[in-house]
Amino acid sequence: MIRAEGLDKTFTLHLQGGVRLAVLRDAAITVRAGECVVLAGPSGAGKSTLLRALYGNYRIDRGRIMVRQDDAMVDLAQADPQTIIALRRATLGYVSQFLRAMPRVAARDIVAETLLARSLEPAIAQRRAAAMLERLGIAPRLHALPPATFSGGEQQRVNLARSFVAAWPILLLDEPTASLDSANRDEVVRLINEVKSAGTAVIGILHDTASRDRIADRTLTLTPAVDDTAALEPA
Amino acid sequence: MTPLLQARGLTHRFGRVPALDDVSLLLRRHEILAIVGESGSGKTTLLNVLSGRLAPQSGDVLFHDGSAALSLAARGEIAVRKLQRARWGYVAQDPRAALRLDITAGGNIGERLMASGARNYAEIRATASRWLEAVEIDPQRLDDLPRTFSGGMLQRLQIAATLVTDPELVFMDEPTGGLDVSVQARILDLIRSLVRRLGLAVLLVTHDIGVARLLADRLIVMRHGRIVEHGLTDQVLDDPHHEYTQLLVASVLPA
């Protein structure tokens with residue numbers, strides 16, 4: 001489903017006197033349908049950078065990121081913005097560590113938007129959004145409220161619902177179980193295993209080892225590129 | 001996606017100051033493109049040139065009209081004014097400058113409809129009333145003068161008066177500038193949902209990268225009249241390459 005190779009990424013920090021941080025050097029990853037690969041390695045090894053590069057969020061300096069879209073392979077590293085937007089609509093899902101949402105938009109509408117972007121009927125989208133929120137333990141009385149006032153764990157569950165409400169050929173997960181209690185963590189593990197059975201290729205970063213062992217088919221260990229001692233974890 | 005508006009090699013100087021220095025860009029249908037930069041970067045001049053309010057000293061602006069792509073200069077002033085009246089919209093930062101404060105809210109909305117050919121008074125009134133509701137203003141206020149409205153309401157009235165002719169392209173110049181933060185959120189939410197529902201293409205000028213992140217598909221960063229960086233909004237803001245973009249992103253106070 002996704003095959004990346006020869007990935008280089010160096011950050012040039014102009015505000016810090018032009019310091020150059022080489023984070024990825026010749027990184028590679030291949031994930032098949034229904035397979036889950038967990039990224040491992042010390043802080044600063046480039047796990048988040050790789051995940052963000054695979055989403056097209058960080059622009060790599062070199063390499064190819066071949067993604068299956070319908071029956072063709074597209075190189076995300078060379079794709080124009082329209083192609084990347086289209087890939088993110090229905091092919092490439094991404095769960096970030098934090099929810100970033102519009103101030104006044106209700107939790108249910110945030111989740112339904114994933115489905116509306118795929119031209120689903122609004123009534124059906126709302127129903128499925130509500131069902132996914134409930135599955136992740138967000139009580140119906142909260143569905144109509146904007147998540148700005150929710151707790152960190154609740155916001156993260158809205159964030160998860162937003163991705164898990166729809167099917168994705170490829171799903172990228174950045175700490176999906178962080179800030180969740182054990183019951184919700186179990187539910188997320190179940191969700192991940194369900195989408196794997198349905199054929200989704202999953203790539204994740206999980207520091208929570210118990211969850212990791214229950215979803216991972218393989219682990220890919222990254223090591224810090226060159227001898228940069230400065231750890232670079234994106235905010 | 002189909003191109004809608006295209007700029008090629010725009011250059012414009014005010015005295016010795018280059019406001020635009022060889023700027024080219026492409027806006028597609030249904031796309032939201034934000035232009036960010038500090039004051040004096042040339043972003044408002046760019047908006048004025050793209051919207052046909054200012055003729056560039058060199059370069060041209062092409063509007064793709066069905067199958068034909070004609071420059072604004074070749075279309076001529078009358079044709080451009082006709083586009084501005086109906087198929088394009090312009091939302092200014094200061095609604096007081098854009099609206100007529102001495103005629104009613106309904107009159108402000110109806111005026112643009114009449115300028116693009118509507119004549120039936122009852123229909124115009126009904127449409128105006130529907131649009132007040134769409135921008136969350138009580139339709140009972142239809143016959144009130146805008147001077148009795150708050151700043152946020154005035155901005156929403158301007159948006160209604162702009163969108164009433166169902167334009168395909170809307171230019172916005174700092175649409176949430178000068179408003180309270182709580183009012184800003186409401187306007188942003190409104191713009192976002194209307195743009196989505198109506199399938200508008202938007203060229204948005206803002207110095208607020210938070211606004212750009214919430215609304216725009218793509219982002220252009222301008223400095224000294226030049227485009228220094230462009231790309232998907234999240235790419236440019238999360239992985240800024242240019243020194244100036246890094247400074248812009250680093251200068252924002254986290255909420």
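Mentor: Gladly! First a term: two residues are in contact when they have heavy atoms within 4.5 Å. This is a predicted model, in which local features need pLDDT of at least 70 and side-chain atom pairs count only at pLDDT 80 or more, while totals for chains, interfaces and linings use all residues. Residues are numbered from 1 along each chain as its sequence is written, chains are lettered from A and ligands numbered from 1 in the order in which they are written, and side-chain values use heavy atoms, with hydrogens and water left out.

Trainee: Which residues does Phe14(B) touch, leaving aside its neighbours within four places in sequence?

Mentor: Look for Phe14(B) in strand β1 (residues 3-14) of chain B; helices (H or I, at least four residues) and strands (E, at least two) are DSSP runs, numbered from the N terminus. With neighbours within four places set aside, the contacts of Phe14(B) are Ala19(B), Thr45(B) and Leu54(B).

Trainee: And is Phe14(B) buried, partly exposed or exposed?

Mentor: Buried means under 20% relative accessible area, exposed means over 50%, and partly exposed is in between (1.4 Å probe, protein chains only). Phe14(B) has a relative accessible area of 45%, so its class is partly exposed.

Trainee: What about Tyr244(B): buried or exposed?

Mentor: Tyr244(B) sits in helix α11 (residues 243-250) of chain B. Beyond its neighbours within four places, its contacts include Gly37(B), Glu38(B) and Val221(B). Its relative accessible area is 3%, so Tyr244(B) is buried.

Trainee: Which residues of helix α3 of chain B are buried, and within what arc do they fall?

Mentor: Helix α3 of chain B covers residues 77-87, and its buried residues are Val80(B), Leu83(B) and Ala86(B). They line one face of the helix, because seen down the axis of α3(B) (taking directions from the axis to the C-beta atoms) they fall within an arc of 145°.

Trainee: Which exposed residues does the opposite face carry?

Mentor: The buried residues of α3(B) are covered by elements of chain B including β4 (58-65) and α5 (105-115). On the face of α3(B) turned away from the buried side, the exposed residues are Glu77(B), Ile78(B) and Lys82(B).

Trainee: How far apart are the closest N and O atoms of Arg218(B) and Glu31(B)?

Mentor: This pair is a salt bridge, which needs a side-chain nitrogen of Lys or Arg within 4 Å of a carboxyl oxygen of Asp or Glu. Arg218(B) is in strand β9 (residues 218-223), and Glu31(B) is 187 residues away in the loop between β2 (17-28) and β3 (32-36). Both are buried, Arg218(B) at 10% relative accessible area and Glu31(B) at 1%. The closest N and O atoms are separated by 2.6 Å.

Trainee: Which residues form a network of salt bridges?

Mentor: Start with the pair Arg87(B) and Glu168(B), whose side chains meet at 2.5 Å, N to O. Arg87(B) is in helix α3 of chain B, and Glu168(B) is 81 residues away in the loop between α7 (151-163) and β7 (169-173). Arg87(B) is partly exposed at 29% relative accessibility, whereas Glu168(B) is buried at 19%. The linked residues are Arg29(B), Asp65(B), Arg75(B), Arg87(B) and Glu168(B).

Trainee: Now the two chains together. How much area do chain A and chain B bury between them?

Mentor: The contact draws 23 residues from chain A and 29 residues from chain B. Buried area is the accessible area (1.4 Å probe) that two parts lose on being put together, summed over both. Of the area here, 52% is on carbon and sulfur atoms, and the total is about 2,300 Å².
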